[in-house]
Amino acid sequence: MSSNAPNHARVIPLRPAPAAKEPLWRDVVGDVLRRERTAQERTLKDVAEDARISVPYLSEIERGRKEASSEVLAAAARSLGLGLTDVLSLAQRELAGQQPARQSRSAPAPTSTVEVRLAA
């Protein structure tokens, strides 16, 4: 039996599309510390000694591998001539610049779809 009707695709949602991955706070703070240190043309060793923390630990913080305590972050900030609030403000500004506008809670989450062609 021949049909002149076109094949219509039917879209079937499979699962929600993965949400955009938000950056981790430790990554953003580490980036801020590294940027400030390199802008001052200072070495890890110089800043770590001044802050009284180990060079490997400061390196791990800058790379976002370690979640530093507020005391350690404040010491690193002081070593760079900043206050803890300065570092946190810079990190917050960076986060605010990276975030897309939030969807309203009533908007449905985007979904992955697959197209199925029906045989005529």
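Which residue takes a positive phi just after α3? G64 does, at about 75°. The legends below describe close-up views of a predicted model.

View 1. S54 caps the N-terminal end of α3. A side-chain oxygen of S54 lies 3.1 Å from the backbone nitrogen of Y57. Beyond the other end, just after α3, comes G64 with its positive phi.

**View 2. The buried side of helix α3.** Four residues of α3 are buried: L58, S59, I61 and E62. These residues lie on the same side of α3, because they cover an arc of only 160° around the axis. Helices α1, α2 and α4 are among the elements that cover the buried residues of α3. An α-helix has 3.6 residues a turn, so residues three or four places apart point the same way.

View 3. The side chains of E62 and R37 meet in a salt bridge, with an N to O distance of 2.7 Å. E62 belongs to helix α3 and R37 to helix α1, so the pair ties together parts that are 25 residues apart in sequence. E62 counts as buried because its relative accessibility is 2%, under the 20% limit. R37 also counts as buried, at 9%. Salt bridges with shared partners join R34, R37 and E62 into one network.

View 4. R26 and E67 meet through their side chains in a salt bridge, 3.8 Å from N to O. This pair links distant parts of the chain, 41 residues apart. R26 sits in helix α1, residues 25–39. E67 sits in the loop between α3 (55–62) and α4 (70–79). R26 is partly exposed, with a relative accessible area of 30%. E67 counts as exposed because its relative accessibility is 51%, and the exposed class starts over 50%.

View 5. E49 pairs with K45 in a salt bridge, and their closest N and O atoms are 3.9 Å apart. The two residues are four apart in helix α2 (residues 44–51), so about one helical turn separates E49 from K45. Both E49 and K45 are exposed. Side chains of opposite charge can pair when their charged atoms come close. The salt-bridge count for the model comes to eight, and the pairs drawn here include E62 with R37, R26 with E67 and E49 with K45.

Notes: Residues numbered from 1 in each chain as written. Predicted model: local features only at pLDDT ≥ 70, side-chain atom pairs only at ≥ 80, totals over all residues. Heavy atoms only, no water. Salt bridge = Lys/Arg side-chain N within 4 Å of Asp/Glu carboxyl O. Buried < 20%, exposed > 50% of the residue type's maximum accessible area, 1.4 Å probe, protein only. Arc of directions from axis to C-beta. Contact = heavy atoms within 4.5 Å. Polar contact = N/O pair within 3.5 Å; in protein donor to acceptor, adjacent residues only side chain to side chain.
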